[in-house]
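Please read these notes with the structure open beside them. They take the contact between the chains, then the domains, then some local backbone points.

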Number of protein chains: 2
Amino acid sequence: MDLNYYVEFARTAERGKFDTIFLADELYVWDRFTSGIEHSSNVRPEPFVLLGAIAAVTRHIGLAATLSTTYNEPYHVARKLATLDHLSNGRAAWNLVTSASDEEARNFGRDRNLDHAIRYERAREFVDVARGLWDSWDDDALLCDKQSGYFADASKLHTLYHQGKHFTVRGPLNIARPPQGYPVLFQAGASPAGRDLAAATADAVFTIAGSLAQAQEFYADVKRRARGYGREPNDVKVLPMLVPVIGVTEQQARDHAEELVALTPQRLALDHLSHYLEIDLSARDLDEPLDFQADVNVTNQSKSIYARLAAIASDRSVTLRDLYRRMFLDRVQIGTPEQLADYMQERFDGEGADGFVVFPAAMPDGLTDFVDLVVPELQKRALFRTEYTTDTLRGHLGLAWPPSSYVKADSARIVSAHPTRGCLM
Amino acid sequence: MDLNYYVEFARTAERGKFDTIFLADELYVWDRFTSGIEHSSNVRPEPFVLLGAIAAVTRHIGLAATLSTTYNEPYHVARKLATLDHLSNGRAAWNLVTSASDEEARNFGRDRNLDHAIRYERAREFVDVARGLWDSWDDDALLCDKQSGYFADASKLHTLYHQGKHFTVRGPLNIARPPQGYPVLFQAGASPAGRDLAAATADAVFTIAGSLAQAQEFYADVKRRARGYGREPNDVKVLPMLVPVIGVTEQQARDHAEELVALTPQRLALDHLSHYLEIDLSARDLDEPLDFQADVNVTNQSKSIYARLAAIASDRSVTLRDLYRRMFLDRVQIGTPEQLADYMQERFDGEGADGFVVFPAAMPDGLTDFVDLVVPELQKRALFRTEYTTDTLRGHLGLAWPPSSYVKADSARIVSAHPTRGCLM
């Protein structure tokens, strides 16, 4: 709850020349199991108020957080992101999620979460509405002319009049077009519907690490789907998750990983498995083998995590205790700075990744270690920047600046990157 | 759109030892008239992202902004305010409004705004839900004990299970109880329903200035209504609006006021009147007398502004041009620093005000002048602090810290003011 903690985190990432920080978010307390309350960090700041604070004390780093399209209104979301983009001079991003838990539904007047297909349909319409709202004011609509008393050119204001299946939003949005045109859109869908939504709309897609072959399959598939939507492969960055556990020697790194597993209270491990598998395992013995029948179609939770657990559990000799440990170890990348750089380089070169979402297994040391040990190794190999060369998150990520949908293609060249800056009211 | 502008504003107010800054907000573009687009500052940052940024670069000043209970969900609002309260170490406040414009409805899937009575009913339930959510975690619920792995004491987490007419919210809220217990609640209702809601729930109520007699009537009425809800008169501060126009001499102040009126584009003045009176005046001549039939019951706009205009227009010789000018001059307080201090002192002493919402007629000079000229005069008279003596907005305002509804009265004394500080995750 302490701002200083997050400021330190953001400054460390900025020192490491990261493209962005990213704050995951959920709209509920994971209280399905008592252990979730007792052992999980179940409280977290609302991320956009927090990112506002971080914007004020950082200069280059991107500012991203999760937003649910199922439990938000597009007008609020578009405005919040545009605000962060203005206050940070073009560093805002959102990670679109459709929410996976019934717990979230119950905080917003519903009994159960919406079905998977409906959530993704709603998400796509949500993105359309948000972008439509961001285009409300042309980039040069605000005149702020004290002499004439003209604040804006009324001919450069556009009313959306959106009437869709899920939303009716008149517009216009009451904030100028964001410096980035549209704030950067991240997504993490792994299901076919999720990949499709990302290919159609996202600037970058998060994914679990998996094997090199799996990463390559995902990478190629997302780029192919993007082409199907008339986009260039480079318009959608693929960013696998990387959970580094770093040691000066490989043995030190392995010892550190086992230490982290051992620190998990065992009841919490069991309840985590119950949650993801949607089976009550509380009466089971940790050391008995889990005879697990996987059917990915029955879960309304994250399909990718479910499939991953099912794959591990297909070895029938695995115990519950093993399953949790292997799930943990399976998600982390253990090694020396050189080994981690090797791992990343292999995926860059092999078209398995455009970048990585670095998710330290422990904070804040995991990030500090990565910045101090792995980043220099990547820089030595010319795989990573040594200084920021652009001012916006789109710039850092090598993404094009999107002109407004109201601007004709042949006049797009006259639109500069930050037309609204310097207009002080 | 520039963060520096707002930071400068907040720092000036903090230099002047103000209790709080306050950002008014609306959820639409005032585009009913073209002049509204051309001459009004129709764009504004989402206030809570902005207040997050300001929290990071200020230390004492309160951070308040408007939130509509008609177009928001209590879970989001409670979380956003709790976050700001944590990040600012107890300086967050909200100004509850029920929204007055159909334009806002149309950005959230409705054709028209809800009726006045329903809006206030919903607002009261909204406050109940928000406070219930803020009490989710007892003040000492978070243990953050690294040794044992215990994050929280599960017996100190409370689930709300709210089922009301307007909201169904299970809870708990996924953020610790705010340092202030409940962030400070401002309201501005002037109608009987508005006064009643304020008396029942608000920590402070904004009101228009009016005459001394009107201010005293309002002051006494709000305190009397508060008593009716079992509250102490001092639990609800009454804060009339003060729009100072300051000059070193009285003539200089008067000239400045006329200059400000003259700066209003005439078409904008006319359209403002059309908006508040809900009559299309666009075809009328500015200099013709307005034959105006007031019926405060027919308006769904702000009843207080409507009544005020009706009172001025009851003089049948008034022209539209006069009406706007008199509406402006009627709302401002013109004078030297001594005269403004006299005005404020008279209302302090006469039980017409516990404090003032200072709303400079022009920014940023109006605020700078007030801080440099009027504040020292008030300090000389011992009417205003010379240094901050507390760290929270509740402290500045002399409001008691509210214990959680789950804490029994007899154990309330053991609850300290900032029990969750220092718990660093």
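1. B:Arg79 and A:Asp25 pair across the two chains in a salt bridge, with their closest N and O atoms 2.6 Å apart. The term here means a side-chain nitrogen of Lys or Arg within 4 Å of a carboxyl oxygen of Asp or Glu. Between chain A and chain B the count is 4 salt bridges, while over all chains it comes to 58. Side chains of opposite charge can pair when their charged atoms come close.

2. A word on the basis of these notes. This is a predicted model, in which local features need pLDDT of at least 70 and side-chain atom pairs count only at pLDDT 80 or more, whereas totals for chains, interfaces and linings use all residues. Residues are numbered from 1 along each chain as its sequence is written, chains are lettered from A and ligands numbered from 1 in the order in which they are written, and side-chain values use heavy atoms, with hydrogens and water left out.

3. Polar contacts between the chains come next. Chain A and chain B share 30 residue pairs in polar contact, both residues being at pLDDT 80 or more. A polar contact is a pair of N or O atoms within 3.5 Å; within protein, one must be able to donate a hydrogen and the other to accept it, and residues adjacent in sequence count only if both atoms are side-chain atoms.

4. Which elements give two or more residues to the side of chain A that touches chain B? They are helices H1 (3-15), H2 (34-39), H3 (47-55) and H4 (74-87), with strands S5 (150-152) and S7 (168-169), of chain A. H4(A) gives the most, with 8 residues. Helices (H or I, at least four residues) and strands (E, at least two) are DSSP runs, numbered from the N terminus. By class, this side of chain A has 37 nonpolar, 17 polar and 12 charged residues. Here Ala, Val, Leu, Ile, Met, Phe, Trp, Tyr, Cys and Pro count as nonpolar, Asp, Glu, Lys and Arg as charged, and the others, Gly among them, as polar.

5. The contact (heavy atoms within 4.5 Å) takes 66 residues from chain A and 66 residues from chain B. Together the chains bury about 6,000 Å², 65% of it on carbon and sulfur atoms. In chain A, the residues that lose the most area to chain B are A:Met1, A:Val49 and A:Leu87, together 12% of what that side buries. Buried area is the accessible area (1.4 Å probe) that two parts lose on being put together, summed over both.

6. How are the two copies related? A rotation of 180° with 0.0 Å of shift along its axis superposes chain A on chain B, with an RMSD of 0.0 Å. The copies are thus related as by a two-fold rotation axis. In chain A, the C-alpha nearest that axis belongs to A:Ala53, 1.9 Å away. The same surface serves both copies, since 100% of the contact residues of chain A recur in chain B. The superposition is by least squares on the C-alpha atoms of residues with pLDDT of at least 70 in both copies.

7. Within chain A, the assignment gives domain 1 (3-248 + 334-397) and domain 2 (250-333); such bounds come from an automatic or database domain assignment. The C-alpha centres of the two domains lie 27 Å apart. In contact are 37 residues of domain 1 and 25 residues of domain 2.

8. The area buried between these domains of chain A is about 2,500 Å², of which carbon and sulfur atoms give 60%. A:Trp30, A:Phe33 and A:Ile334 supply 24% of the area that domain 1 buries against domain 2, more than any other three residues. The count of salt bridges between the domains is 0, and 5 residue pairs are in polar contact, both at pLDDT 80 or more.

9. Some local backbone points deserve a look. The peptide bond from A:Gly171 to A:Pro172 is cis, with omega near -5°, and A:Pro172 sits in the loop between S7 and strand S8 (184-187) of chain A. The bond from A:Met363 to A:Pro364 is also cis, with omega near 0°. A:Tyr161, a residue other than glycine, has a positive phi near 50°.
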